[in-house]
Structure formats: C-alpha cells, structure tokens
Amino acid sequence: MKIHYNRMKTHTPHIGLFIPCYIDQFYPNVAIATLELLEKLGCKVTYPLGQTCCGQPMANSGFESDTVGTTSKFIRDFAEFDYIVAPSGSCVLHVKDHSPKLEKLQKNQEYVQSHIYELSEFITDVLKIDSIQGSFPHKIGFHASCHGLRGLRLASDSERNEPVFNKTLQLMKDLEGLEVVELTRKDECCGFGGTFAVSEEAISVQMGKDRIADHVDKGVEIIVGGDMSCIMHMQGIASRDNEKIRLMHFAEILNQIIS
Amino acid sequence: MSHSENATLFLQNKERAKWHDDTLWIVRQKRDATIHQIPEWEKLRELASQIKDHTLSKLGYYLEELEKNATANGIKVHWADNAEEHNQIIGRILDEKKCKAIVKSKSILTEECHLNPFLEEKGIEVVDTDLGERIIQFLKQPPSHIVMPAIHLKKSDISEIFHQKLQTEKGNTDPVYLTHAARLHLREKFLQAKVAITGVNFAVAETGEFVVCTNEGNADMGVHLADTHIACMGIEKLIPRRKDLGVFLRLLARSATGQSITNYNSHFRSPSPGKELHLILVNNGRTRQLAREKFRNSLKCIRCGACMNTCPIYRRSGGFSYESTVPGPIGSILSPGIDLKKYSTLPFASTLCGSCSDVCPVKINIHEQLYEWRQEITKAQGSSIKGMSMKMANGIFKSPLAYKISGQLMRASLKTLPDSIIYNPLNAWGKGRNLPDLPAESFKTWYKKNRK
C-alpha cells in the first residue's frame, strides 16, 4: 500500500487518543479504527484509561461552570502527549473553545488547546499526508458536521465566499471507484445538537429526515461523516424509517483501506 | 409556550412546514449566488464589522454628533429612553397636528414599541404601507420575519384575505392582480395621511442625515405626500461617515434578498419648505445590552434577516414560534436581554451549527452568544432546572431500555457529570429515532485486552 506523505523521520509523535464517551460506549469500532489508522500512519498512540468526557453536553446545556472538574481531569489526562487526537470535530472544538478557563492549570490548558486535533485535520495538517491511496468503490455523500465545519474550519462552508477545500474528502480524493455526490444542501445541520435532540425533538428529527432524504435522492449508498453524534442521530432516523442507506465514520473507511 | 412546543405544532402541517423551509432556503440560495459575485465579500463583512464595533465603542459621541448635525439641518431630534416615551412623543406630535390617520412604512422598532395598538387606542388609523406589512395588518398578526413580514403566507392565503378586505375576485391568486388591488387601496391611504412614519436603516453622524431602504418605494410615497415625517430609530442604527454607507448598502440587500441593492435608498437630510421632519432616537434597553460585554456586539445588527433565512430551526418552526418581535437567531440573542424569563427557551432553539454567524454581514458571533445566553439562563434559573432533571429522571425510570443505557453511560464513562445531564430524557430520543445497537464491549474494555 502506497501512502503519499512524508513520514516524520526524526520523531515518532506520541498521541493521546481522546475517544468521546458515546463513541467508547456505542461505537468501539470507530475508536479501534482511529487507533489502528494512526498506528499505521506511523504514530505511537496511547489511550489514557482514566478519561471520561470533555464536558460538552453539560456546557452546551448551560452548565459550563459545572465542568471545571471534568476539564481539569481532561487536562491532566492529556497534557503529557505531543498531540491529542479525536475522531470528533465537535468534542475537539469544545475543548478548544468552550471549556472553562482554569487559572491553576493555565499553561497545561493552553498546551492541550493548541495541540488537540480532529482526526482528518491531524492527518492533513500535522502528518502532512495529502491523500490515502486505495480502493473504495462506493457512491458516498459527505456529511459535514457543523462544529468541525464552521468551528474548526475543516472545510470551506457554503455561507462564506472563500476558496473551496475539505480536509476529510481531500484524504479520500484518490480512492479508486469512489464517487462523492453533490448534495442539494451541502452543509445543512442534521439537527443533532446534543440536548437539542431531545429538548427540540420535533425539529431535530425533521432536520435529520431532511438530511437523509437529500442523500437518498442522490442515490447515495453510504453517508460518510466525521462526527458519530450526527451519525448516531441520522442512523437512528434512517433505521426507524427503514431506509437502506448506510452511515460510516471516515476513519473506518481509511483504516479498512490501509490494510 | 416554549419554542419547542410551538415548533412541534408548526411541524404538524408537514406540507406547509416543508413549503416554508423551501421558500426561505430559496432566499438563502439567492443570497449565496450574489455574494459569490463579490470577490471582496469577506473583506466587506470585516470592514462593516469593524465600523460597527468602532461606532458602538463611541456611541455617545456619535449620537451627539448626529443630534448636532441633524438639528442644524432643520430636523427636530427627540430622545426616547423606552417604548413608552417613544409612543408618547409620536402621540404628542399627532395631537399637535390634529392627525387622525397616518401611514407607516415598515419599522421593526415601532413593532418593538407596540406603536400601532397605542395609536389605535387614541383613535388614530394606522396603515402599514409595505405590502407584506399591510397583509399581516389585515390579519392582526405581527411580522413573522423582519424583512419579509408575511413570508409565512401563501399566495392562496393572500388571495383570500384580499377577497375579504379589498373585494378582489375570489380564488384569483395572480400576484400582479393582487398587487394592483393593494396599490389602489394604499394610494387612497397615502393621499389621506398628513403624517408619515418611517424607520431608519442608517443614520450618518457626520452629515446629520438618515437613509431608509425599501423595495416598494412606500416610505418615499408616504413621506412626500405628508406634511410631517416622523422617523424612528434605535440608537444603534448609526454610522460615523457618509462614505461608510457604501459598505453597508452593498451588504444589506445582498444578505437580505440576494438583490444587489434595495430599489430605493432614500436620504433624508432636511425638511422640505413648509414641512416638518422629526427623528426619534430610541434606547429601549440598548444601552443595557451595550453594557453586557459578551452580548454587546449584537447591536451591530443591520436587520437584514439573513440569519433567519439560513437557520434550519427558523425555517422549520416559523417566525411566530419565537414569540418575540425579532425572531430567529438574532432575536434569540437580543430578546433574552429584554426579558430573560420570557425568552428563556430561545437560546436553546439552536443546534449551535454556526450558519447564522457565517452569513451575518456584520460578523456578529450569533451562535457563540446563544451559547453564552444558555450559561446566563441556567444561572438565573437555578432551582427550576433541578426540577426539570427530576422529571427527566422519571422519564428514564419508566423506560427499561433508556435506563439500561443511561445506567451504562453513567457507570462507565460519565462519572463526573451532574445529575441534570445524566438524567437525560432519552425517552424523547426514541420517538422518531432508534437507539444504536449496543456493542458487546466498550472501546475501553477492548483496549485493555488488546493494547495493554
């Protein structure tokens, strides 16, 4: 398997693997794929066993001030690594932007916040890998999760007038047989939104149905995304509505290609 | 009612909800098409944002400059600290003129101040002359959108209203026919009114003039036929120099409707000979918002409505679901500053997707302020939230599956979360969605077996 990138010759980066709580519980395969993918790309990866949660569910519900304990635990768990990588743009954005400032841990907090990366961002920007070579003969639709898109700027969005890019799709651009469809609403929110999914249940489900319909209308076989929270929500609707469409995290695809 | 309850009702009419979503999405698409014709779009937004930030940082200075220059131009400047004072000032002018009928062009500020009911109580006929405004006035409804006030109505609805109010042919939904009927009806009202009221889009401190932007020319028609023009503006509608105006006029219409520019951008500087021109500068809570550091820059808003058109929640719940004068994302960060309790569900009517902030022509960080208002609201609510978590807990204990899952989450990974989050109402999840299949083991368990 040929991979187009310059391996870091002088130093193998030691990564602290941050697996969001719901991925740990519901989607261990995505976590395993992330771990194996990073290892295959030449990284040393450690999963700190004491990790719990980044605090986002509480903070987005208005309880940021109650996340001091969670945040200091997170910083202590991860400050020793060269980089912190997670298969979730949303949780990474939370750690960067919304965790409460902890004066006593200021130095370590700043370090963690400037060294934490979403998976595709880490592969493109830190490992400097342009694209992964291989074959994936499927028709996919890409779900651009909002926090990765407009928070971490993992891709250009349809709202701004800026050069078009997409770090996740860039990694997949050379895959043989892959067809990425153009959606009607290429980056509309799926309606998950954390506690929004239950506090605004009706709109949340309608938004999810609308997103899935856009992919189904275009003949998409697999919806590919980078945040399992959005995927869990859309998968839940698709399975309730007996839609045949599949949903996958891009880490599963890339890991399966680099065997 | 909470936003969520209103939204649930709105979505019950599936076909209409879809139509509403599609209609506003078309406006968003028009906006996208036009901004891509402007290579310097993002620079324009940045410039507009900086001009507004600067103006807000010296608001007192520029307001006094505006007052001085406007007065020198022959404009009578009034200051109103709140809605009541604003309405009283207008009431006094109308009494003085013995005026019993006025025409008004769209002004969200007069909606905010509830001017219409105030004047109607005084026996004064108020006619809103913007076509959309007139339609909802017939229905005694507030606007559902700040730029397209009747966007929630279909052609067939309007045909029915006009049939009843203007005796148009029943079932005739031809827009040209209906608009013509409205035109004849409004012309009569224009000719009768001695006083015309308008809003203000931009006031220029340097020149003491102000600019009103409309597509229908109704502001101009009203003003030119009346003897007295009363213009009402929120104190944040200010820009320092006339040359700044170009930045905002380029952004406003493109963001609002996808037009290059509004059809009429009328400058008002001095009254015509023999006529009067009044300018009312209204605070009504704006200085309180200015004092809130995290929420200050919401006052940069130029009322283009782009955040409404792009908001996936607004499009699927309609303007009325917010129950506030300004609906949508911008309304959800402005309204809690006016009444935190009444509008406490609005900052939660968002997935924090950030689309509003990225379409905003003056770069208001709307979704970040929604997040910040959530923090303020939970602080203010304290005890009632605990009550809610008990209800949530109750919901979980009723569902064995939800209990099993939340129990696993609680035991395995969410040890540091407070009860209000752990007792998450997972039962609401299952109404329209299945839960994920539970894997045989967690990642943590797998990792211990395979890597340690």
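Trainee: How many helices and strands are there in chain A?

Mentor: In this predicted model, chain A holds 13 helices and ten strands. The radius of gyration of chain A is 18 Å, close to the 18 Å that the globule rule gives for 259 residues, so chain A is as compact as a globular protein of that length.

Trainee: What does the C-alpha trace of chain A span along its principal axes?

Mentor: About 55 × 45 × 35 Å. As for burial, 57% of the 259 residues of chain A count as buried. Take the contacts in chain A between residues at least 6 apart in sequence: 80% of them join residues at least 24 apart.

Trainee: Which residues touch the most other members of the largest nonpolar core?

Mentor: The general idea comes first. In soluble globular proteins, nonpolar side chains tend to be buried together. Here the largest nonpolar core has 185 residues, and those touching the most other members are Val85(A), Met234(A), Phe210(B), Cys232(B), Met233(B) and Cys307(B). Helix α12 of chain A, residues 228–240, gives the largest share of this core, seven residues.

Trainee: What does Cys232(B) touch, leaving out residues up to four places away in sequence?

Mentor: Its partners include His86(B), Ser107(B), Leu109(B) and Thr110(B). Ile197(B), Gly199(B), Val200(B), Ile280(B) and Val282(B) are also touched by Cys232(B).

Trainee: How are two packed helices described?

Mentor: By the angle between their axes and the distance between the axes. For α11 of chain A (residues 201–217) and α12(A), the axes come within 9 Å and cross at roughly 80°. An angle from 65 to 115 degrees counts as roughly perpendicular, and α11(A) and α12(A) are therefore roughly perpendicular to each other. On α11(A), the contact is made by Val205(A), Gly208(A), Lys209(A), Arg211(A) and Ile212(A). On α12(A), it is made by His233(A), Met234(A), Ile237(A) and Ala238(A).

Technical notes
Residues are numbered from 1 along each chain as its sequence is written. Chains are lettered from A and ligands numbered from 1 in the order in which they are written. This is a predicted model: local features need pLDDT of at least 70, side-chain atom pairs count only at pLDDT 80 or more; totals for chains, interfaces and linings use all residues. Helices (H or I, at least four residues) and strands (E, at least two) are DSSP runs, numbered from the N terminus. The radius of gyration is taken over C-alpha atoms; the globule rule is 2.2 Å times the number of residues to the power 0.38. A residue is buried if 20 or more other C-beta atoms lie within 10 Å of its own, exposed if 12 or fewer, and partly exposed in between; C-beta atoms are placed from the backbone. Two residues are in contact if their C-beta atoms, placed from the backbone, lie within 7 Å. A nonpolar core is a set of buried Ala, Val, Leu, Ile, Met, Phe, Trp, Tyr and Cys residues joined through C-beta atoms within 7 Å. Axes are lines fitted to C-alpha atoms, for helices over the stretch in contact, and angles run from 0 to 180 degrees between N-to-C directions. Angles under 35 degrees count as roughly parallel, over 145 as roughly antiparallel, 65 to 115 as roughly perpendicular and the rest as oblique.
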